[in-house]
Amino acid sequence: MKAALVGTDGTLLHEARRATGRERGPDAVVETILAFAADLRAHGQEHFGESAVAAGVAVPGIVDAGKGIAVYAANLGWRDVPLRTLLGERLGGIPVALGHDVRTGGLAEGRIGAGRGADRFLFVPLGTGIAGAIGIAGAIEAGAHGYAGEIGHIVVRPDGPDCGCGQRGCLETLASASAVTRAWAAACGDPGADAADCAKAVESGDPAAIGVWRNAVDALAVGLVTALTLLDPRTLIIGGGLAEAGETLFTPLRAAVEERVTFQKLPHIVPAALGDTAGCLGAGLLAWDLLATEVSA
């Protein structure tokens, strides 16, 4: 887990990391979060002379932000965890905001990162899976049921690999960092090889790596063109582990998207700027937004 103290303008004042304790079960993860938050608040009191006035937390899975409940997080073994209530009690009753991890990271990228100044943006991190955050006028659109932005489950190859969602050929089965890792490990015969190794092999001109990379980029371009057809973003922000390949990814990706558009307007396709601090910063922004809302009310 990553946590931070965040200033009113989104400045990262202090950052810390801690193991989730997931091996001890889902209740242990909740307790680790509560203790981590309390320790961070105490750090602020000691080193900045004042306590945090609100808290934000971003979690994976399905989130009901309005009720402050982590509805379902499979990798944590959670179902209907009342995080807002639990954190509020541990932190002395301060306001607590809850958000989905990708949308929270997207909020930070859009407001203070690579999408700063863009009135419409789409944030797409390419990691273990692929998700998305739709940015509109400085806020993130969650959708009517909290599922907006799930670009990773656009079907781009109907005869492609099975996906955990029940479909076949979803974008994340073909173009996530995990998908590239699987494809490159099979192609090179090294079960320990990963997407970063594939990118290096592409840069050295390895034909097999170039083939794996091209397949992923082509699938990604198909999914992104579908997204920009529906959303018409001004800026398209690509993050996650695969984006760390830099222009090895962005040069062919921009070309692949451009050759597929017809009437659509090309967005600026840029790398994420905040790295793995985006979630912390976004959670801080959620907290400040919540505080501002409560004060105005």
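1. Residue D276 is partly exposed, with a relative accessibility of 42%. Here buried denotes under 20% relative accessible area, exposed over 50%, and partly exposed the range in between, computed with a 1.4 Å probe on protein chains only. The model is a predicted one, in which local features need pLDDT of at least 70 and side-chain atom pairs count only at pLDDT 80 or more, while totals for chains, interfaces and linings use all residues. Residues are numbered from 1 along each chain as its sequence is written, and side-chain values use heavy atoms, with hydrogens and water left out.

2. D276 forms a salt bridge with R17, with a distance of 3.0 Å from N to O. R17 belongs to strand β2 (residues 12–17) and D276 to the loop between β12 (268–271) and α9 (278–296), so this pair ties together parts that lie 259 residues apart in sequence. A salt bridge is defined as a side-chain nitrogen of Lys or Arg within 4 Å of a carboxyl oxygen of Asp or Glu. Helices (H or I, at least four residues) and strands (E, at least two) are DSSP runs, numbered from the N terminus.

3. In total, the structure contains eleven salt bridges. As background, side chains of opposite charge can pair when their charged atoms come close.

4. A further salt bridge joins D39 and R18, whose closest N and O atoms are 3.1 Å apart. D39 sits in helix α1 (residues 26–48) and R18 in the loop between β2 and α1, and the pair links distant parts of the chain, 21 residues apart. D39 is partly exposed at 43% relative accessible area, and R18 is also partly exposed, at 32% relative accessibility.

5. R234 and D119 meet through their side chains in a salt bridge of 2.6 Å, N to O. R234 is in the loop between α7 (207–231) and β11 (235–239), and D119 is in the loop between α3 (101–112) and β8 (120–125); the two are 115 residues apart. R234 has a relative accessible area of 48% and is partly exposed; D119, at 32% relative accessibility, is partly exposed. Elsewhere, salt bridges with shared partners join E15, R17 and D276 into one network.

6. Strands β5 (residues 69–73) and β6 (residues 78–81) run antiparallel and are joined by three bridges; two strands pair if DSSP finds at least two bridges between them. A70 has V81 in β6 as its bridge partner. The hairpin of β5 and β6 has four residues between the strands, and G77 takes a positive phi near 75° in this hairpin.
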